[in-house]
Amino acid sequence: MAKPEFDLAVIGGGAGGLVVAAGGAALGAKVALVEKHRLGGDCLWYGCVPSKTLLKSARIAHEMRHADRWALDPAPAQPDLARVMERVAGVIRGIEPNDSPERFRGLGVDVMFGDGRFVGSDAFEVDGRRLTAKTFVIATGSRPAIPKIPGLEATPYLTNETLFDLREPVPALLIVGAGPIGCEMAQAFRRLGSDVTVVDVAPRILPREDTDLAAVVLRTLEAEGVRFVLGASIEACAGRDKTVRLTMRGSNGATTEFSGSHLLLAAGRAANIEGLGLDAAGVTVDHGRIVSDGGLRTTNPRIYVIGDAAGGYQFTHVAEHHAGVVLREALFRMRWVKPSLVVPWCTFTDPELARVGLSEAEAIERGVAHRVYRFAFDDIDRARAESETKGQAKIVTDPKGKLLGAAIVGSHGGELIAEYVMAISKGMNAKELTGIIHAYPTLAQINRRVADQRLKEGLTPGAKSWIQRIFGLQGTRG
Ligand SMILES: Cc1cc2nc3c(=O)[nH]c(=O)nc-3n(C[C@H](O)[C@H](O)[C@H](O)COP(=O)(O)OP(=O)(O)OC[C@H]3O[C@@H](n4cnc5c(N)ncnc54)[C@H](O)[C@@H]3O)c2cc1C
């Protein structure tokens, strides 16, 4: 059999694919990278980067209006969406060179543009060029799932792929989907001056999170004026340019109409795996998902699937982690043995809701013996100094105190959760965190204080009088 032309051929140049390509080339592999559209993927063009950039402008507008919280005169923020979106575009332009074809070609990667397909178990064809490789990596990402709503085909709508191109005012935004993207964009547009209504068939927002923590986000968004219509099905939609209507049926059977100037669909994601010639490559797809072996290897041992296309956790950091796994396996034949990943994530509303490991609801649902400890931000001095006292940290441990999960809803939750990612990855016990010194006054103190709760729980009146007897202490008896 002829020697394959490449060591690695990567299909899709987004968060995951770019890391495989750059890492492979750096390690001495001959790498091909095939991209259908432009390098950078969802994260750069329509996902993490634009959404977080927009949220920052929205937050500043909100804080200007509410400057009295910090004993300053409120200023009337009248955001011009076109200007704000230009800032978003500017941030993307600033990051784009890191993901440019020139940079990757400079690294030695053979970058090709086109819409190709597998033409056999060991070959991929793009624009008439046949690529053979020892290892292929499918890193084609995902796209917005379009829900089946009567009338949608004739109604103008936005998705995350078109939202950040807006330059016109958005007086009233209807959002379908109360997950992380729907909630983040609801708060951003509300703070930028739009009237916002979020609808979802689910009875609650952020369904992956514990109800009590998601409720902190819900209450905040509602207090800011976002309207939620939950547990209601969408019967129909209609509209034309700048006028859209949704007809909702509530659990009592009654229908209500909601209208807006724009409609945003944020109702889940679908993996981009169509049209890749997976049949020809012997890659099995089951229920819309590429079958892989617990790791990332598909039913064709020379083809891997990573990132959103793999259909599991859909985050940039997961796609990047997958890239590392594939590089180890493909280049060094080191099999991935870690049975379960410790994956953090964050919904970047204000307050942020960050999570890692087991939630309380999951522990209950799976019958895992557990304990739950909480600590509120309003008992953290730094949170008081910043007037950011909303929210709490919550940890889930096993009965002996081993950390199983943590969630933080509050200011900078996404940064604070990192300590728990480390602790859970290392199999630590809550009591080990209580002994770690945290700088004062930082928000990070909440991580130790919530772990302290576990220690305090052990201090029953019986234990206290035992300590008093043994060590001859004279304080009040418990
Ligand atoms: C609004 C929004 C906000 C988000 N915010 C966050 C966040 O804050 N944090 C976070 O971790 N994640 C976030 N995500 C998710 C994150 O963007 C994705 O998980 C990440 O981009 C997945 O990386 P990937 O490499 O799998 O796919 P992508 O980065 O999307 O790359 C896929 C690439 O494949 C190309 N492609 C597709 N089909 C083909 C084909 N047939 N042939 C060749 N190329 C093809 C695409 O053009 C694209 O360049 C967000 C997503 C959205 C939509």
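Author: Rings of Phe, Tyr and Trp (its six-membered ring) pair if their centres lie within 6.5 Å; planes under 30 degrees apart count as stacked, over 60 as edge-to-face and the rest as tilted. This is a predicted model, where local features need pLDDT of at least 70, side-chain atom pairs count only at pLDDT 80 or more, and totals for chains, interfaces and linings use all residues. Residues are numbered from 1 along each chain as its sequence is written, and side-chain values use heavy atoms, leaving out hydrogens and water.

Reader: Which residues do ring pairs link into a cluster?

Author: The structure holds five aromatic pairs. One of them, Phe118 with Phe136, is edge-to-face, at 5.3 Å centre to centre and 75° between the planes. Ring pairs build a cluster from Phe118, Phe124 and Phe136.

Reader: How many residues apart in sequence are the parts that phenylalanine 118 and phenylalanine 136 tie together?

Author: Both residues are buried (under 20% relative accessible area; exposed is over 50%, partly exposed in between, with a 1.4 Å probe and protein chains only). Phe118 belongs to strand S4 (residues 117-120) and Phe136 to strand S6 (residues 129-138), so the pair connects parts whose separation in sequence is 18 residues.

Reader: Which ring does the charged end of arginine 38 sit over?

Author: A charge counts as over a ring if NZ of Lys or CZ of Arg is within 6 Å of the ring centre and within 35 degrees of the ring normal. Arginine 103 lies over the face of phenylalanine 104, 5.2 Å from the ring centre. For arginine 38, the distance to the ring centre is 3.6 Å, and the ring is that of tryptophan 45.

Reader: Why is one side of strand S11 and of strand S13 left without a neighbour in the sheet?

Author: Strands here are DSSP runs (E, at least two residues), numbered from the N terminus, as are helices (H or I, at least four), and two strands pair if DSSP finds at least two bridges between them. This open, antiparallel sheet has the order S11-S12-S13. S11 (233-240) and S13 (255-260) are at the edges, so each has a single partner strand.

Reader: What is the bridge partner of threonine 247 in S13?

Author: S12 (residues 243-249) and S13 run antiparallel and are joined by six bridges. In S13, threonine 247 is partnered by glutamate 257.

Reader: Which residues touch the most other members of the largest nonpolar core?

Author: Such a core is a set of buried Ala, Val, Leu, Ile, Met, Phe, Trp, Tyr and Cys residues joined through side-chain atoms within 4.5 Å. The largest has 42 residues, and those touching the most other members are Leu54, Ile175, Met185 and Phe189.
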